[in-house]
Amino acid sequence: MSDYILTISCPDTTGIVHSVTGWLLEKQGNIIEAEQFGDEQTQRFFLRIHFRIPKPSSAEQLRAEFSYIADRYQMDAQIHDTKEKARVLLLVSRQGHCLNDLLFRTHSGQLPIEIVGVLSNHTDHAALAATYDIPFHHLPVTAATKPQQEQQILQFVDELEVDLVVLARYMQILSPEMCKALSGRAINIHHSFLPSFKGARPYHQAHARGVKIIGATAHYVTEDLDEGPIIEQDIERVSHDMSPNELTQVGSDVESLVLARAVKAHVEHRIFLNGERTVVFK
């Protein structure tokens, strides 16, 4: 038996589920998990099915066999083999909490991904990557060298056959060209104070203003800085008696958790773009 994930996004109309389940019946398919959502505002329909069939087949072949249904309903349809782990490239600067969390979760089997490299504009976390036997690439950058450095990153993406780029506190603003090249396959994490408390030491700024709730947002990278489609968010309450460093620690924990959830949802094919919003199946 072989397991696959079928994802569908299309204009909402009658007969979609009937056609899809009929195709699965022809394949002697068994549905393990299914979720669907019809958005009345955008008139779009979203469906994710985890199914199992008795005869192994390539995902590419199954997509070809499903194409007549996809064409009939104008579907953006994908089929993924669950045995194939997503190849992920991590970008990081000097703050290593998200990097450390992702490396540990992957090593312990909590994240179904293959980390093919860690890339940084600093050398702070070379030793951390080495402890997990992950290749570390140092690509320093200045304003003058930014175009060349971004081309090097994209070269790594191509050569390593990267499925997803994760900005694990990578403190560089990506160019519009870079954002377009990574559209739909790059996730960023940041604190949820934005648009307040921009720049350096945001948790110290929040402490000075007496903030009582801090949180984090994971989203897809777009040309609009920190305004891409939101994937995951969470918050923690904080108190007046906490120091700026304690707020920073709480914020780091929330950021790590939210980013891990977003990465997991992406590689398990649970996220659908719906205009500027996302549909995220649990």
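**Entry 1: helix α3**

I began with helix α3 and found that eight of its 11 residues are buried, so the helix is largely enclosed by the rest of the structure. Here buried means under 20% relative accessible area, with over 50% called exposed and the range in between partly exposed (1.4 Å probe, protein chains only). Helices (H or I, at least four residues) and strands (E, at least two) are DSSP runs, numbered from the N terminus.

I noted that this is a predicted model, in which local features need pLDDT of at least 70 and side-chain atom pairs count only at pLDDT 80 or more, while totals for chains, interfaces and linings use all residues. Residues are numbered from 1 along each chain as its sequence is written, and side-chain values use heavy atoms, with hydrogens and water left out.

I listed the buried residues of α3 as His97, Cys98, Leu99, Asp101, Leu102, Leu103, Arg105 and Thr106. They pack against β5, β6, α4 (126-131), β8, β9 and α8, contact being heavy atoms within 4.5 Å. Just after α3, I found glycine 109 with a positive phi of about 85°.

**Entry 2: α3 against α8**

I then looked up how α3 (residues 97-107) meets α8 (residues 244-267): their axes come within 9 Å and cross at roughly 45°. Axes are lines fitted to C-alpha atoms, for helices over the stretch in contact, and angles run from 0 to 180 degrees between N-to-C directions. The two helices are therefore oblique to each other; angles under 35 degrees count as roughly parallel, over 145 as roughly antiparallel, 65 to 115 as roughly perpendicular and the rest as oblique.

On the α3 side I recorded His97, Cys98, Asp101, Leu102 and Arg105, which meet α8 residues including Ser252, Leu259 and Val263.

**Entry 3: serine 252**

I located serine 252 in helix α8, where it is buried, with a relative accessible area of 13%. Not counting residues up to four places away in sequence, serine 252 touches His97 and Tyr203.

**Entry 4: the nonpolar core**

I looked up the largest nonpolar core and found 42 residues, with Leu102, Leu259 and Val263 among those having the most contacts inside it. Such a core is a set of buried Ala, Val, Leu, Ile, Met, Phe, Trp, Tyr and Cys residues joined through side-chain atoms within 4.5 Å. I noted that α8 gives the most to this core, with 10 residues. Leaving aside neighbours within four places in sequence, leucine 102 is in contact with residues including Leu90, Val166, Leu259 and Val263.
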